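I opened the model to look up how its parts are arranged, and these are my entries in the order in which I made them.

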Amino acid sequence: MRKNNLKIFGVSFFCLSVLGLSLWVAPSHAFNLDRFLKDVEKSTQPQPKPKQEELDITVEEPKSPPPPEPQQSTGNDGMIGLGQSLGIFDKKTSKILKQSVNTLQALQPIAYKEEKAIGGRLAVEVFSRYGGAYNDPKLLHYINLVGQAVADVSTRPDIDYHFAILNTELPNAFATPGGYVFVSIGLLRMLENEAQLAGVLAHEVAHISQKHALQTLGRSRSLQGISALTLTAMDKNPGLFDKLIDEVSNVLFTKGLDKNLEFEADRYGREFAYRMGYYPGGLQNFIRKLGTSKAGGSSIFMSTHPSTGERYNRLKKTWSRYKKASLYPVLGKRFFSVFKKPGKS
Amino acid sequence: MILSGVVMLLLPHLATAETWYVKKSSTKLQAEASARSKVLGKLQKGTPVKVEKKSRKFFQVSTGGKTGWIFRFKLSKKAPAQKQGDGDMLGTLGGSQKMAARESASGSSIRGLSPVSEEHARKKGATPESIQAVKDMENFKVRSEELDRFLQTGKLGEYSQ
């Protein structure tokens with residue numbers, strides 16, 4: 001009798017549990033237009049910026065101007081407009097759906113393959129404009145070792161980085177998207193040790209790892225409305241590739257990046273050099289030297305970057321974060337064993 | 001009684017080690033917190049590891065049944081994008097933080113100057129020397145053993161004091 005009661009209790013409990021569970025689960029599977037619209041609405045809202053990789057120190061977020069509003073749709077209402085006129089969607093629903101379509105059209109991230117194509121083309125431009133390649137295999141090997149070392153501890157170590165020396169006496173350094181880094185022989189002549197070289201190369205690596213040129217490209221008004229930047233699209237429409245290259249060339253070689261992006265590259269560059277074990281003050285010491293040198297005055301560094309004084313002061317402000325910095329090596333001897341300055345034996 | 005039950009339930013959760021991720025393929029897992037110690041294995045990009053202990057330069061981690069040490073800057077708290085090239089930050093053309101739906105192929109297929117770039121450069125009058133300079137730049141490789149020796153002699157990276 002007692003056994004039967006237990007059985008009945010057990011079966012009832014099981015049935016009630018299944019019923020309760022199905023009542024709880026069922027609504028989540030049912031189509032809910034309100035929830036759907038809320039989800040769509042949510043997806044059209046600006047998404048929070050993903051956190052950068054956490055550095056040992058707190059790195060301020062760049063205070064770049066926000067991207068311009070996506071262009072409004074001009075007569076491409078299509079099925080949504082038809083749905084509204086037929087009374088399938090009300091006005092609010094149509095507006096939300098149109099917004100989401102516009103957002104999706106405007107926000108197509110660029111892929112690595114395309115980034116590399118843009119960067120490669122700009123790399124040709126760098127060689128054309130700034131004296132071609134400087135021929136010194138031993139020095140080139142050394143630059144590649146230092147560059148690769150800092151790139152390995154960057155926020156984007158998983159791409160191939162390429163380093164080259166430019167045959168110009170003007171102190172210049174560049175980075176083009178996809179991993180191309182350049183430093184001029186004139187700049188190398190100004191350096192005093194390997195820690196300074198690491199700081200300069202790491203600044204350029206930071207431009208690539210933080211995708212600064214691509215961020216700038218994304219904000220370009222002349223490229224608004226272009227949604228698919230694939231190699232196939234560029235191949236079919238050479239005008240599109242033209243536009244892209246003109247835009248980035250203008251930024252890299254004439255206007256310069258937004259100054260907050262330069263400050264960010266300084267902070268990240270110093271951090272990458274420090275992570276690799278170099279004295280972290282190398283970059284700021286070079287910036288100070290550049291500011292006082294005659295050669296620096298005619299460099300593109302000066303016309304496309306914020307003033308050296310401002311850059312130096314900003315780095316100095318956060319210098320106290322690097323405890324025991326003086327214990328880190330500058331490797332001056334090794335630098336001069338590879339790079340022979342005129343007059344040095 | 002109830003409180004102790006709650007604490008008992010929470011304890012295993014609190015004790016869970018942090019999960020970090022390998023940032024680049026061929027990252028060395030070493031027997032000790034020293035770059036000169038035995039290499040137990042090499043880990044692929046994106047491998048999750050449980051961090052057991054942290055020292056200044058190395059983290060003790062366990063993964064795939066092995067426990068060893070990794071140079072801390074080869075690890076990231078955030079899982080890297082699995083497709084090559086996106087690093088810690090996803091592509092952001094147009095301000096989107098979403099990963100490209102039409103993500104490119106693996107890195108091994110992205111070698112050399114793209115034909116689109118080369119053709120464009122020629123059309124715009126770039127000299128063959130400038131085009132060749134980019135190809136030479138791309139072909140210049142540093143072997144991992146060379147880099148390792150370079151770090152060792154300079155007391156840098158995992159070899160720093």
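**Domains of chain B**

I began with the separation of the two domains: the centres of domain 1 of chain B and domain 2 of chain B, taken over C-alpha atoms, lie 26 Å apart. Domain 1 covers 18-91 and domain 2 covers 113-161 of chain B, with bounds that come from an automatic or database domain assignment. Four residues from domain 1 of chain B and five residues from domain 2 of chain B make the contact (C-beta atoms, placed from the backbone, within 7 Å).

I noted that this is a predicted model, in which local features need pLDDT of at least 70 and side-chain atom pairs count only at pLDDT 80 or more, while totals for chains, interfaces and linings use all residues. Residues are numbered from 1 along each chain as its sequence is written, and chains are lettered from A and ligands numbered from 1 in the order in which they are written.

**Chain A**

For chain A I recorded 17 helices and three strands (DSSP runs, H or I of at least four residues and E of at least two, numbered from the N terminus). Of contacts in chain A between residues at least 6 apart in sequence, 74% join residues at least 24 apart.

I then turned to H13(A) (residues 282-292) and H16(A) (residues 308-317), which pack at about 155 degrees with axes 9 Å apart (lines fitted to C-alpha atoms over the stretch in contact, angles from 0 to 180 degrees between N-to-C directions). H13(A) and H16(A) are therefore roughly antiparallel (angles over 145 degrees). Among the residues making this contact are Leu283(A) and Ile287(A) of H13(A) and Tyr312(A) and Leu315(A) of H16(A).

Terms used. Parallel < 35°, antiparallel > 145°, perpendicular 65-115°, else oblique. Contact = placed C-beta atoms within 7 Å.
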